[in-house]
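Hi,

Here is the structure I promised to pass on.

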Amino acid sequence: MIYNKKYQKIFILISIFNLTVTNLNAQKKTTGISADTKIEILIKKMTLEEKVYMIHANSSFTSGGVKRLGIPELVTSDGPHGVRPEFGRDWELDNNLLDSGTYLPTGICLAATWNPKLGYAFGSVLGSEAKYRGKDVILGPGINIIRSPLNGRNFEYQSEDPLLISKMVVGYIKGVQNQDVSACVKHFVANNQETKRTSIDVHMSDRAFREIYLPGFKAAVQQGGVNAVMGSYNKFRGQWASENNYLLTQILKKEWGFKGLVMSDWDAVHNSLQALLSGLDLEMGTDLHMLPNPDYNKFFMADTALSLVKQGVITEGIINEKIRRKLYIMFKTNMIDGKRLKGEYNTTAHQKIALKVASEGIVLLKNRDNILPILKNKINKIAVIGYNADREQSMGGGSSQVRAFYEITPLQGIKNIAVNTIVSYAQGYDIKRNATANAELIKSAVNLASNSDLVIFIGGSTHGYDYSVWSDNAYDAEDTDKPDMNLPFGQDVLINALLKVNPKLVVVLMGGGALDMNGWLDKTPAVLQSWYPGMEGGNALAQIIFGEVNPSGKLPVTFPKKLEDHPSQKLGEYPGNLDNLTVHYYDDIYVGYRYYDTYNVQPQFAFGHGLSYTTFDYSNLKLLQSGNKVTFSFTIKNTGNRTGGDVAQIYVKPIASLLPRPEKELKDFKKIFLKPGQSKKVTFMLDKNAFMYYNDIINSWVLDKSNYEILIGSSSRDIKLTGKIEL
Ligand code: BGC
């Protein structure tokens, strides 16, 4: 063949013209046709090879499309609280800084707001920024039940309670998806620890499965309309979760009617046939051993899948169904046809939402003699002490890392507010050392504390896997659990040393959950839990400390006094048998407060606990029953002198039942903000579902004819009103 540049140009022009005409014709032909029909037309046009190319990853975060048919690649990105930095196609962190965006508070802080409207706002920011960055799927929310305080990923998750998760997750998903980006709820299911996450086999009763571990996912599917679900790494009852027919097909798709896409966790697939037949639609991951030249054709759902169809071991229909689901979410988010919304990045509106979530998520645990809020003009010198006061956390934690556009550390936040006060800082400890090695740092911190009017200590856990500061024992990171509930790096010693020289101490703990406070809590007047509160976290914290914001966060998990008290240790297995790699959840349905309240174990801070700078009064409960439905109202009044918010929590307590049940369970809640002296009538309705439990002898949800109490409280241990009904 003779190569002639001139003829080639003409040929290209003719081709473009033909292509345009064909596309216009195709468009004309397809307008007015439903997405379902368009999907079937596309599937018919695809070769088997093209189809198989669409059901596995083709780079670190993408999976294949079919260019000639206008089907783009599907671009995913972590993670639950911001759009992850760019890794290119082959896992090379791109340090061009253009990927620094809004860093939202992590999942547990969002849940601590107990404000579903903020779930929606949070999701909208994420969806909008994901879109701006060219992502089609955001790999979040992470909603695994917080079963053990040691799980390294608790910071990414939300709660120990399935109802709280269910209510928060729906808003998050709708927020993301209303921006034409798919949310991907993860990890389905029983990824409740990071220790041996890729090899353990989790066993639990059907009752625990139905009552505790499934409801969040069910709400995500049926109420949130989530587009994608990610399977987890672990096995569930002997079968890998990401290729588990019972989970993916029987429950998710058949029982719940899930129409979207099921993807595996990264490299969570183990067997081609099993995966293909399980209901898994997309195999994601990268064989990291093969970097820098990974061969995605070697994936379990790649070449092997092709030959399994060619040999007649599986039908092409099985592949078609996977394509159908992938195309379904593509049409739903306007990736093919239709006009996608434009995303926005780093707007002040997004930053305001990050601030709002942090302000409502930070929890005031203790405030003896109302030491907080601090009156700025009454304090001359403040000592801020602790590694976390001055550390940026956004790049820590593993896959949920975010390169923040900016991050206001607690120290910066305090300086921003306390402008006329001398604010001095001492690190006090280092995350690479223990108390003995930190002696010098402790000494200078103590010196500073003794010369100050007030000490604010900011410590707790610290995100691991920050690429700039690597520390093996910095916790709250993926793929690792915490060794115990102790404050790491000798912080107990430091806090006690500070208390000795200055008892006016405010302790702020950052991290994914409960830490043992026994060494100093009695002597410490004020404690705040600030989680990882995102890019505006330092401002939010300072605004609370100095009273510009009245705290309204509530614990989404129980804080036990000590690890040995925890149900995963007392009743269940954690981290399980690491020889035969099984974990039995013998703690069953007694997760979190369900355990403490039933077994009468006093927690350090109860589920739902969180103080305010004002006080609330609950009165005038009126119940109206009609059949198995009960409507009730009560009045909540702000009896203090500041505007503030409380979360009215509705628990149901069965008086008698056929099978043992927890003492009480959360069935609804509402966050209510009131001005000083203001009161509001609040109304709730509970239907029969609120009184049912899963009877795993007959495998069915049942309602016992019995007496029930409806408890209205501002924590699981602070019940303000009680009503009785008989069903
Ligand atoms: C994590 C997922 C994450 C994925 C992609 C996995 O290791 O478990 O949560 O979405 O990596 O980064």
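Which residues does Met263 touch, not counting residues up to four places away in sequence? Met263 touches Thr76, Val137, Leu139, Cys184, Ala228, Val229, Met230, Gly231, Leu280, Leu282 and Met284, where contact means heavy atoms within 4.5 Å.

Before the rest, some housekeeping. This is a predicted model, where local features need pLDDT of at least 70 and side-chain atom pairs count only at pLDDT 80 or more, while totals for chains, interfaces and linings use all residues. Residues are numbered from 1 along each chain as its sequence is written, and side-chain values use heavy atoms, with hydrogens and water left out.

Back to Met263: along with Leu327, it has the most contacts inside the largest nonpolar core, which has 151 residues. Helix H6 (residues 162-177) gives the most to this core, with 8 residues. Apart from it lies another core, of 44 residues, including Trp520 and Leu521. (A nonpolar core is a set of buried Ala, Val, Leu, Ile, Met, Phe, Trp, Tyr and Cys residues joined through side-chain atoms within 4.5 Å; buried means under 20% relative accessible area, exposed over 50%, partly exposed in between, with a 1.4 Å probe and protein chains only.)

Next, Gln529 sits in strand S15 (residues 526-529). Gln529 counts as buried because its relative accessibility is 1%. Leaving aside neighbours within four places in sequence, its contacts include Ile362, Leu509 and Phe559.

Ile41, in helix H2 (residues 35-45), is partly exposed, at 31% relative accessible area. (Helices, H or I, at least four residues, and strands, E, at least two, are DSSP runs numbered from the N terminus.)

Cheers
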